[in-house]
Amino acid sequence: MSDDVSTQERSAAPRTDIKLAEESFFLTDDFVRQLINVGEIDILVGLPTHNNAKTIGSVVAAIQDGILQWFPRERVAIINADAGSRDGTSELVVNASIDDVRRRASNRSALRTLHSISIQYGSSMARGTALRTILAAAELLRARACAVISPESTNIKPDWLPALLRPIYKEDCDLVLPTYARHKFDGVLITNLLYPMTRALYGLRIREPYASEFAFSGRLGSQFLAQNSWNDEAARTGCEVRFTLAAIAGGFRVCQSFLGAKPHLERHAADLVPALRRTIGVLFSSMESNFALWSSKTASQPVPTTGVEQQVTLDSLRVNKNRLHKMFCTGVAELESVFHSILSPTTMAELQQSAGLGENEFQYPAELWVRTVYEFAASHHKAVISRDHIIQALASLFRGRAFTFLVENRNASESDVESHIESLCLEFERQKPYLLKMWSG
Amino acid sequence: MREMIVSELTQAVQELARSFARFLPRLIVLVIIAFVGWVIAYLLKLFVRSILRLIKFDRLSENAGASQLLAKAALPSSSELLTRFVFWVAWLGFILLGVSVLGIFGLQQQIAHFFLFLPRLFVAMFIMFFGLLAASFFSRAALLAAVNANMPSPHLLSISTRVIIIVFALSMVFEELGVAEQTVLVAFGITFGAIMLGLAIAFGTGGKELARRFLEKRFVHGNKEENEDELSPL
């Protein structure tokens with residue numbers, strides 16, 4: 001436990017009546033002891049980290065500032081689930097002094113103790129285990145509301161905390177997902193696949209189903225902790241999307257909050273396949289268990305949103321379009337045998353025809369893209385080949401769609417980009433009967 | 001003289017009749033065993049067929065690439081082939097059991113050999129099937145990984161993976177069947193060693209520049225320049 005407390009320190013009487021849930025058995029005795037010493041809390045802020053020493057200082061300072069500013073009367077704990085950082089990340093979290101924040105803004109004072117606890121759960125980053133640790137801690141501490149903040153969010157502002165936590169704390173919401181101001185070409189997988197497909201399937205217009213910052217109620221956290229099969233490696237992958245889908249499937253109240261600009265993280269081409277596994281792999285898998293739910297939805301509804309729904313920025317950005325086109329064409333040619341097991345002959349023929357076109361003529365229209373994705377989803381359901389191979393095969397085709405998205409929006413204004421995304425979403429909704437036909441066919 | 005011939009002939013006919021009388025019940029037993037065997041083999045065939053349908057064996061076989069091979073050879077589907085195989089092995093087993101009742105000298109030993117060989121045949125088939133399955137899975141995995149990593153000649157890598165696994169499975173099958181054990185072992189060792197040596201030499205001399213560029217790109221520059229132009233998927 002941190003020694004980092006306010007001057008009007010609240011004597012946190014150790015609670016011995018905290019019910020140790022079954023899920024808490026994977027936590028170390030020392031960590032459980034520290035949690036018991038904290039007692040019951042109102043708000044928990046979770047920080048999953050792994051070698052984030054460069055950024056964690058400013059993130060923790062912003063969190064502390066947010067707590068002092070917006071939740072001075074609440075009992076708050078920061079739980080750092082660390083994946084064995086070797087750069088002193090966890091020490092930075094635990095030793096971050098709230099006095100520094102107070103010195104910067106002398107008019108702010110907390111009436112309660114602010115606890116910071118760090119636990120090391122392994123030696124490599126495992127988002128699922130980190131989330132499980134945070135959920136178990138939230139359950140043990142009976143937190144009413146919890147926020148998970150990415151340690152890489154360098155542009156975090158203190159008002160992110162009320163934006164995420166207020167809807168839960170005051171408005172009885174169960175899951176608050178963020179919306180950001182993003183560059184028009186940032187998050188192409190979300191804008192071209194994850195958002196439109198989640199929307200078409202589950203009927204909710206959630207802009208960021210894969211969120212690095214989000215907040216949830218204690219009851220949603222407890223239910224997800226109990227229901228998710230944590231011992232299964234596959235169930236721990238893409239836990240962020242899994243969490244969002246569990247909230248939708250469980251009928252919990254989901255809302256959105258605008259946070260501002262999303263930090264620009266380092267980009268890696270090689271990240272595409274793992275990103276597809278964490279998002280689309282989870283979305284496809286969820287379709288098995290939630291068939292009754294998604295098959296009955298015919299249209300989509302907006303989600304209650306605080307602030308603007310989404311903001312698009314238009315700064316110039318260098319993108320290697322040529323490489324995307326080349327990799328798409330190579331993929332279609334080399335993976336023909338794989339696509340034959342997944343796609344219908346018509347779709348396959350259309351893709352081959354597109355791959356034969358030069359960069360200037362090439363187009364991967366929304367109609368064909370949606371049909372391709374739905375055929376992939378149906379093949380994933382029928383397991384025509386290894387499910388992981390199906391997800392990997394989608395990567396090559398996604399590059400083609402990303403290329404078309406770049407070309408379509410090269411000189412587009414903010415409203416044009418939004419309108420293109422909206423028309424893609426409507427195409428996903430329009431072709432849903434085709435998905436149902438393929439699914440049961 | 002004539003009487004003697006007649007007597008000998010009568011004796012021979014009587015001997016033949018006695019032999020036939022001794023043989024006939026055994027033949028009837030053979031026919032009965034063959035018939036019962038046919039019924040049992042048929043029931044077994046139905047049972048195996050429904051089990052294979054239940055476990056979607058045809059899809060598994062399609063994934064393994066075995067179905068494509070069978071189709072090219074104008075053979076029935078792999079589940080049909082396996083059920084027929086089970087039927088014939090079971091029925092043949094019963095027929096041989098019946099034949100052993102006939103008490104023909106030397107045949108019983110061969111029949112015993114056949115029954116001893118059956119488990120090895122099954123194991124060999126099992127190895128071959130799973131070898132094909134593994135070859136198909138890993139060659140596809142190699143192909144997908146190579147395409148997504150934008151590596152040159154992904155198909156060559158995929159086919160090499162498939163060939164190596166199939167050669168490995170075949171050598172295990174031959175060893176299990178006891179067919180030219182030493183020859184197969186030596187041939188496999190030489191082939192495998194030659195492939196590895198060839199690849200090492202080719203990569204070390206012919207592709208020296210390529211290897212240097214690849215390693216530099218991978219570990220020294222860390223793809224930094226290339227990634228600067230990449231899209232952020234999430």
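This is a predicted model: local features need pLDDT of at least 70, side-chain atom pairs count only at pLDDT 80 or more; totals for chains, interfaces and linings use all residues.
View 1. Chain B has 9 helices and 0 strands. Read from the N terminus, its elements go α-α-α-α-α-α-α-α-α. Chain B has 234 residues, and 15% of them count as buried. What about contacts across the sequence? Take the contacts in chain B between residues at least 6 apart in sequence: 62% of these link residues at least 24 apart.

**View 2. Helix α4 of chain B, from end to end.** This one covers residues 78-101 of chain B. How far apart are the end C-alpha atoms of α4(B)? They sit 35 Å apart, and since 24 residues at 1.5 Å a residue should span 34 Å, the two values agree. Just past the end of α4(B) comes B:G103, with a positive phi of about 70 degrees.

**View 3. The side of chain B that touches chain A.** Chain B puts 20 residues into the contact, while chain A puts in 33 residues. On the chain B side, the elements that give two or more residues are α5 (107-148), α6 (154-177) and α9 (224-227). Which of them gives the largest share? That's α5(B), with 7 residues. Sorted by class, the chain B side of the contact has 9 nonpolar residues, along with 6 polar and 5 charged ones.

**View 4. Helix against helix, α17(A) on α5(B).** Here we zoom in on one helix pair from the two chains. Helix α17 of chain A (residues 387-408) packs on α5(B) at an angle of about 30 degrees, and the axes of the two helices are 9 Å apart. Because angles under 35 degrees count as roughly parallel, α17(A) is roughly parallel to α5(B). The crossing of α17(A) past α5(B) is left-handed. Which residues make the contact? From α17(A) look for A:H389, A:Q392, A:A393, A:A395 and A:S396; from α5(B), look for B:R140, B:A141, B:L144, B:V147 and B:N148. By class, the residues where α17(A) meets α5(B) come out as 5 nonpolar, 4 polar and 1 charged.

Note on methods: Residues are numbered from 1 along each chain as its sequence is written. Chains are lettered from A and ligands numbered from 1 in the order in which they are written. Two residues are in contact if their C-beta atoms, placed from the backbone, lie within 7 Å. Helices (H or I, at least four residues) and strands (E, at least two) are DSSP runs, numbered from the N terminus. Ala, Val, Leu, Ile, Met, Phe, Trp, Tyr, Cys and Pro count as nonpolar, Asp, Glu, Lys and Arg as charged, and the others, Gly among them, as polar. Axes are lines fitted to C-alpha atoms, for helices over the stretch in contact, and angles run from 0 to 180 degrees between N-to-C directions. Angles under 35 degrees count as roughly parallel, over 145 as roughly antiparallel, 65 to 115 as roughly perpendicular and the rest as oblique. A crossing is left-handed if the near helix is turned anticlockwise from the far one by less than a right angle, and right-handed if clockwise. A residue is buried if 20 or more other C-beta atoms lie within 10 Å of its own, exposed if 12 or fewer, and partly exposed in between; C-beta atoms are placed from the backbone. The expected span of a helix is 1.5 Å times one less than its number of residues.
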